[in-house]
Amino acid sequence: MEFLYEYGLFFAKTLTFVVAVAAIVAIIVGAAVKPKAKKGEISIDDLSEQLADLKQNFIENTLSKKELKAYFKQQKAEAKEQQDKDPKPRLYVIDFNGSIDAHEVESLREEITAILTIADKEKDKVLVRLESGGGVVHGYGLAASQLQRLRNAGIHLTVAIDKVAASGGYMMACVANEIVAAPFAIVGSIGVIAQIPNFNKILKKNDVDFEQITAGEYKRTLTLFGENTEKDREKFKEEIEQTHGLFKTFVSEQRPSLDIDSVATGEHWFATQAFDRGLVDKIETSDDILLNQADERQIYKVKYKVKKNLTDKLAVGLSSSISQAGVSLMSRFKGMNP
């Protein structure tokens with residue numbers, strides 16, 4: 001009997017393991033043969049409803065019973081009155097948190113396309129909550145062009161800078177009809193920078209040869225491993241100056257009232273200083289905009305969400321774990337070395 005019991009337990013464990021492995025294999029195979037779905041989808045959050053719920057919760061916990069009764073009566077009357085009116089114009093909100101390579105422009109493209117399909121250019125408006133310290137020229141150039149699509153369609157665009165919109169970030173912001181910024185937000189940095197290390201001396205010291213073959217005199221100017229010449233440096237600087245010139249021209253066309261030479265020095269300013277220089281139009285946070293518009297407009301947040309497969313989810317989980325471990329380690333290090 002003891003033998004049969006041990007054998008039965010072993011058999012049950014083995015069967016459970018086999019079934020689990022088979023299930024995992026089936027999921028992987030199913031994902032592989034399943035027709036590919038869309039890469040992502042547009043999600044819409046009703047910010048007006050969220051603000052109303054916040055207000056309702058606060059009122060219910062602060063008013064007396066008598067005051068609350070009067071408030072509900074008033075709300076009922078206003079709701080009935082609103083039914084007879086035309087629908088409110090809409091405010092569409094987009095968040096853009098830009099990285100150095102500006103890969104977020106892919107989502108921005110989809111969000112703007114979605115808005116353009118339904119927005120009433122006579123009534124509706126768009127608010128972009130922008131946060132970026134800049135990055136690659138071509139990436140932010142495309143991001144600015146995406147915002148320009150709204151302007152070209154005749155839709156009023158406001159860009160709100162709560163923290164930072166510098167360099168490529170400001171390239172995007174200047175497209176707007178109106179730029180608002182929180183008092184201590186960082187704005188400006190209308191300039192171009194390029195940095196490249198050179199390991200040629202290390203290679204020579206270790207008797208390592210480096211060969212590079214190009215067709216075209218300026219196919220490559222400064223290089224990581226070759227010996228750079230003054231001619232290479234001058235050409236590279238010329239290219240940087242050309243890019244800066246394009247940047248200045250673009251900002252001037254969007255905001256012709258600017259004294260471009262005085263602000264295109266590569267410097268950045270706090271919003272209160274930027275306001276004096278004409279880089280922003282109003283000192284205000286994005287939260288103030290939403291509260292001020294809540295009674296007049298129906299507010300929706302538009303976001304393009306990329307669908308992740310099983311592999312992506314596992315990769316994100318692993319990346320998150322590594323990141324948390326790094327933060328924890330850094331915290332301990334800082335704790336030991338204030």
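Is Phe210 buried, partly exposed or exposed, and what is its relative accessibility? In this predicted model, Phe210 counts as partly exposed because its relative accessibility is 35%.

**Aromatic residues**

Across the whole structure, five aromatic pairs are found. One of them joins Phe210 and Phe225 in a tilted arrangement, with 5.7 Å from centre to centre and 45° between the planes. Both residues sit in the loop between helix H7 (200-205) and helix H8 (230-254), 15 residues apart. Together with Phe199, Phe210 and Phe225 make up one aromatic cluster.

The accessibility of three residues discussed in this report is set out below.

| Residue | Relative accessibility | Class |
|---|---|---|
| Phe210 | 35% | partly exposed |
| Phe225 | 34% | partly exposed |
| Thr158 | 9% | buried |

**A buried threonine**

Thr158 belongs to strand S4, which covers residues 156-166. Because its relative accessibility of 9% is under 20%, Thr158 counts as buried. Beyond neighbours within four places in sequence, its contacts include Val126, Leu127, Val128 and Ile289.

**Packing of two helices**

Helix H4 (residues 105-118) packs with helix H5 (residues 137-152) at an angle of about 5°, and their axes are 10 Å apart. The two helices, H4 and H5, are therefore roughly parallel to each other. By class, their contact comprises nine nonpolar, two polar and two charged residues. Among the residues that meet are Leu108 and Ile112 in H4, and Leu142 and Leu147 in H5.

**Confidence**

The average pLDDT of the protein is 83, and 80% of the residues score at least 70. For residues 329-338 the pLDDT is below 50, and this stretch has zero contacts in the model beyond near neighbours in sequence. Where pLDDT is low, predicted coordinates should not be read in detail.

Notes: Residues numbered from 1 in each chain as written. Predicted model: local features only at pLDDT ≥ 70, side-chain atom pairs only at ≥ 80, totals over all residues. Heavy atoms only, no water. Helix = DSSP H or I, 4+ residues; strand = E, 2+ residues; numbered from the N terminus. Buried < 20%, exposed > 50% of the residue type's maximum accessible area, 1.4 Å probe, protein only. Contact = heavy atoms within 4.5 Å. Axes fitted to C-alpha atoms, helices over the stretch in contact; angles between N-to-C directions. Parallel < 35°, antiparallel > 145°, perpendicular 65-115°, else oblique. Nonpolar A, V, L, I, M, F, W, Y, C, P; charged D, E, K, R; others polar. pLDDT = per-residue confidence, 0-100. Phe/Tyr/Trp six-rings, centres within 6.5 Å; stacked < 30°, edge-to-face > 60°.
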